Amino acid sequence: MDKEKLQVYEHKMNKSLETLQNEYASIRAGRANPHVLDKLKVDYYGTPTPIQQVGNISVPEARMIVIQPWEKSLLKGIEKAILTSDLGINPTNDGSVIRLVFPELTEERRKELAKDVKKKGEATKVAIRNVRRDANDAFKKMEKADEISEDDLKEAEEKIQKLTDKMIAEVDKAVEAKTKEIMTV
């Protein structure tokens, strides 16, 4: 069986899992996580630039992020980017640094976030299963065109199923870990 074909589908499944992990990184779980700023861009001389590239970001306390821009002129822009984002946090600007203080999550908000985590996990599982379906369709077409034998088709379908099962288990693990992190007070 053509190993490269299988690797293409494995790569696609890994991409789905990677996307899920990146989404989970941007969900805050009560503790300050600098990754919540990953999607925010600030106008830097006319170019939208990630906040991480225009200053130092530190987490001095469990629920606080401090952003220290390399140029004071960027303070207003960073503040504006945070205010217009969906973070729901008001930055405090003291003229040299911006502080983001994260409030404790309420029980209701934790449950909401856990539900969202689960939903994103399910969407990723669907994406992985779609890759499996595409792979199986491609292998069946190859078999019909006499490019591979019936035995090769069975072998390929078994391998893609094992890969799918492994990826789904990874998604379940990620969902469980993030839910635990969110629900821990």
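Is D94 buried, partly exposed or exposed? The structure is a predicted model, in which local features require pLDDT of at least 70 and side-chain atom pairs count only at pLDDT 80 or more, while totals for chains, interfaces and linings use all residues. Residues are numbered from 1 along each chain as its sequence is written, and side-chain values use heavy atoms, with hydrogens and water left out.

D94 counts as partly exposed, at 45% relative accessibility; in this scheme buried denotes under 20% relative accessible area, exposed over 50%, and partly exposed the range in between (1.4 Å probe, protein chains only). Its partner in a salt bridge is R99, with the closest N and O atoms 3.0 Å apart. R99 is likewise partly exposed, at 31%. A salt bridge is defined here as a side-chain nitrogen of Lys or Arg within 4 Å of a carboxyl oxygen of Asp or Glu. Under this rule, 12 salt bridges are counted.

Two further pairs lie within helices, which are DSSP runs (H or I, at least four residues) numbered from the N terminus. In helix α1 (residues 3-25), K15 and E18 are three residues apart, about one turn of the helix, and their side chains form a salt bridge with an N to O distance of 3.7 Å. K15 is partly exposed at 41%, and E18 is partly exposed at 41%.

In helix α4 (residues 150-183), E155 and K159 are separated by four residues, about one helical turn. The closest N and O atoms of their salt bridge are 3.0 Å apart. E155 has a relative accessibility of 31% and K159 one of 34%. Finally, a network of salt bridges links E23, D116 and K120.

Note on methods:
Helices (H or I, at least four residues) and strands (E, at least two) are DSSP runs, numbered from the N terminus.
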